[in-house]
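Colleague: Could you take me through a few labels in this model and tell me what stands behind each one?

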Amino acid sequence: MGVVEEARRRAPELAAAAAGDDALRRLGDGTWKHLAEGGFLRALQPRRFGGGEVAWLDFVDAALELSRASPSAGWVAGVIGVHPWQLALFPEEAQQEMWGADPTTMHSSSYNPTGKAEKAPGGYKLFGRWSFSSGCDHCRGVNLGAIAGARDVGGGQLPDFRSFLLLGGQYRIEDNWHVAGLRGTGSKDIVVDGAFVPEHRTQSHLDYALGLPLPGQERNDGPLYRLPWSVVFNSALAASVLGSARGFVEAWTEQTRGRTIALSGPAADDALMQQRLAEALWTLDASITRMRADVVELQEMAEARQVASMQERARFRWNMVRGCQLVGRAVTDLFNAASGRSIFLDHPLQRRFQDVQAGLAHAYLSPDSVARAVGGALLGTTKPEVVL
C-alpha cells in the first residue's frame, strides 16, 4: 500500500485524535506512532537507510490527505517529512551521525535565522533562540537556520544563510506553545547556548539556490535528491494548508446542509450559500491542481538532470503561495457566512478555521518576495530577487 492510500486508511483515527492532540499542545504518542508506522515521516528518506524514497508527488498527496483529517498531524508529517530529504543532501558523516545507530531518528527544524552562528575551528558555535519548531518533542535533533557571514555571488555580497544540524543534548526545548491554531503541532522554541556544529553538519542555502552539487548527492543520486530545497519545503507547507482547507470546506458543508436561517428557511436553498461553496471548491481544486502540476513538472526536470533556475523556482513557489492565499480568503468567506455559534471554541468549524489561519501565517507562505521575483523577472528588473 502506498503512502497516499495509507493516509486515507489512517484518516479516521487521526481525525478522532485531533482534539486530544490540541489539548496536549503537541501530537500524542498514538498520533506520532501513526505517522511513523504509516511511513509518512520517512517517506523521503533514502532507501539505503530504510526510508521510502517515494515520488515527491506521492508525498505531497499524502500530506494533503493527512491534513484533511487532522491539520496538526498533517503539518507535522509534512514539515518533519522533509527533513530526512534535506539530510540526504548533507555529507555522509552527518547522515551516519543521525541515522547510523537508528535510521528512524527524526529531527525538527526552525529555519528563520533568529539566532547567531559564529565561526570556530572546524565549524561553528550557535547561540540564541529559534521559534516554531514543529514536532520537536518527538525528535532527537534539530536543524536551525542562521547567517554565517557573507558570500560573493555574481559579483555581489549575499548573506550566507545556512542550516545547522544539532544533535540531542545540544539544545533545550522551551514550552511556550499556547496558540489558537495548529495547537497539536507542539511548535515550541529551541534555545541554544554555544553548541558546536562541525562543518559536515552545516549546509548553505545559497548552494541550494544556485543549484550547486551537494555532497550527499554522491551516495543519494536519485532524481528525488536533485529537487530544489525551497520548492520542496514550500510544497510541504502548501499541501498542509490546502489539505486543512479541504477539511474545513467539508465540515462547513456538513454544518450548512442541515442549517436553517432565521426568516429565510433552509441554508441549502440559499443562492448565496450555494455560490460561496461552489466558488470555494473551485478555488481549492484549482490551487491543488496547479500545485500537483508543478510538482510533476519539477520531477520531470530532476529526472532529466535539469537544474531549475531561480526564476523557475520563484514561479513554482509563487503558484503555491498564491493558491494558499486565495484558498485562505475562500475559507474566511465561508466562515463569515457560517452560524454565529461558530465563534464558540467547541464549535466544529472554529478549530478548523484557526488551523488554516495558523498555517497561512508561516513566513514561507508570505507572497511578497516570490511575487517580486516573478513580476520582476517578467519586467526585466535590474534588481532581481534572490529566491532561496
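Colleague: Where is Val296 found?

Modeller: Val296 is in helix α8, residues 271-303; a helix here is a DSSP run of H or I, at least four residues, numbered from the N terminus. This is a predicted model, where local features need pLDDT of at least 70 and side-chain atom pairs count only at pLDDT 80 or more, while totals for chains, interfaces and linings use all residues. Residues are numbered from 1 along each chain as its sequence is written, and side-chain values use heavy atoms, leaving out hydrogens and water.

Colleague: Why is Val296 called partly exposed?

Modeller: Buried means under 20% relative accessible area, exposed over 50%, and partly exposed in between (1.4 Å probe, protein chains only). Val296 has 31%, so partly exposed it is.

Colleague: And what makes Ser342 buried?

Modeller: Its relative accessible area is 2%, so Ser342 counts as buried. Ser342 is in the loop between α9 (310-336) and α10 (348-360). Not counting residues up to four places away in sequence, Ser342 touches Phe335, His347, Leu349 and Gln350 (contact: heavy atoms within 4.5 Å).

Colleague: How do you know that α4 is roughly antiparallel to α7?

Modeller: Helix α4 (residues 71-87) and helix α7 (residues 229-257) pack at about 165°, with axes 9 Å apart. Axes are lines fitted to C-alpha atoms over the stretch in contact, and angles run from 0 to 180 degrees between N-to-C directions. Under 35 degrees is roughly parallel, over 145 roughly antiparallel, 65 to 115 roughly perpendicular and the rest oblique, so α4 is roughly antiparallel to α7.

Methods. Helix = DSSP H or I, 4+ residues; strand = E, 2+ residues; numbered from the N terminus.
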